[in-house]
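Work through the exercises below with the coordinates open. Each task is followed by a stepwise solution.

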Amino acid sequence: MSSLFLMNLLLAGIWLALSSEVTFLNVAMGLIIGALLIALYTRALGRDNYLLKLIRFLLYSIYFLKILIKVNFQVAYEVITPGYKMSPRIIRYPVEGLTDIQITTLANSITLTPGTLSADVDDNDPNGKCLYIHCMYAQDRKEAISELDELKTRMLWEVFGVPEHEQPKSS
């Protein structure tokens with residue numbers, strides 16, 4: 001996916017070089033034409049559809065941006081208002097069955113979100129590989145796990161293309 005995306009950017013750059021001026025419309029046209037050419041290329045080779053992967057990745061980006069904005073406002077509210085409304089907790093989250101790159105992507109997505117921090121990955125836990133996460137707002141453990149499950153499920157499907165029925169279940 002990443003090499004195809006780089007190819008898409010290269011094709012957009014070629015489109016810009018051939019066009020007379022650099023405008024938002026020309027950049028968008030270059031990206032769209034590049035994506036369509038790569039989609040035809042991957043289809044001719046019988047590989048996964050590049051456009052679907054790109055759309056899924058954009059959906060994940062929008063979902064993650066929504067979470068990022070929501071939590072930024074939550075943390076900003078905590079900072080500018082008096083009192084202490086946090087309910088910090090460290091959560092042990094199972095990541096057994098995920099590859100190292102999937103665990104790293106999940107941990108980075110969690111850490112990029114204000115109010116949460118991926119603290120450690122334990123490979124030697126008797127219940128399987130797990131990720132320790134510090135959460136500022138985790139009064140209800142089940143709700144926090146549910147939000148992490150949604151993040152993991154969407155990341156696996158929209159970034160890595162793993163269908164939900166093939167994803168490892170968390171306990």
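**Exercise 1.** Which side chain meets that of Asp 125 in a salt bridge?

*Solution.* The model is predicted: local features need pLDDT of at least 70, side-chain atom pairs count only at pLDDT 80 or more, and totals for chains, interfaces and linings use all residues. Residues are numbered from 1 along each chain as its sequence is written, and side-chain values use heavy atoms, with hydrogens and water left out.

Step 1. Apply the rule: a side-chain nitrogen of Lys or Arg within 4 Å of a carboxyl oxygen of Asp or Glu. The partner is Arg 92, at 3.0 Å, N to O.

Step 2. Asp 125 sits in the loop between β2 (116-122) and β3 (130-135), and Arg 92 in strand β1 (residues 89-94), so the pair ties together parts 33 residues apart in sequence.

Step 3. Count over the whole structure: four salt bridges.

**Exercise 2.** Describe the interface of domain 1 and domain 2.

Step 1. Search for salt bridges across the interface: the rule finds zero.

**Exercise 3.** How are the rings of Tyr 60 and Tyr 63 arranged?

*Solution.* Step 1. Rings of Phe, Tyr and Trp (its six-membered ring) pair if their centres lie within 6.5 Å; planes under 30 degrees apart are stacked, over 60 edge-to-face, the rest tilted. The structure holds two such pairs.

Step 1. For Tyr 60 and Tyr 63 the centres are 6.3 Å apart and the planes at 45°, so the pair is tilted.

Step 2. Both lie in helix α3 (residues 50-80), three residues apart, about one turn of the helix.

Methods: Buried area is the accessible area (1.4 Å probe) that two parts lose on being put together, summed over both. Helices (H or I, at least four residues) and strands (E, at least two) are DSSP runs, numbered from the N terminus.
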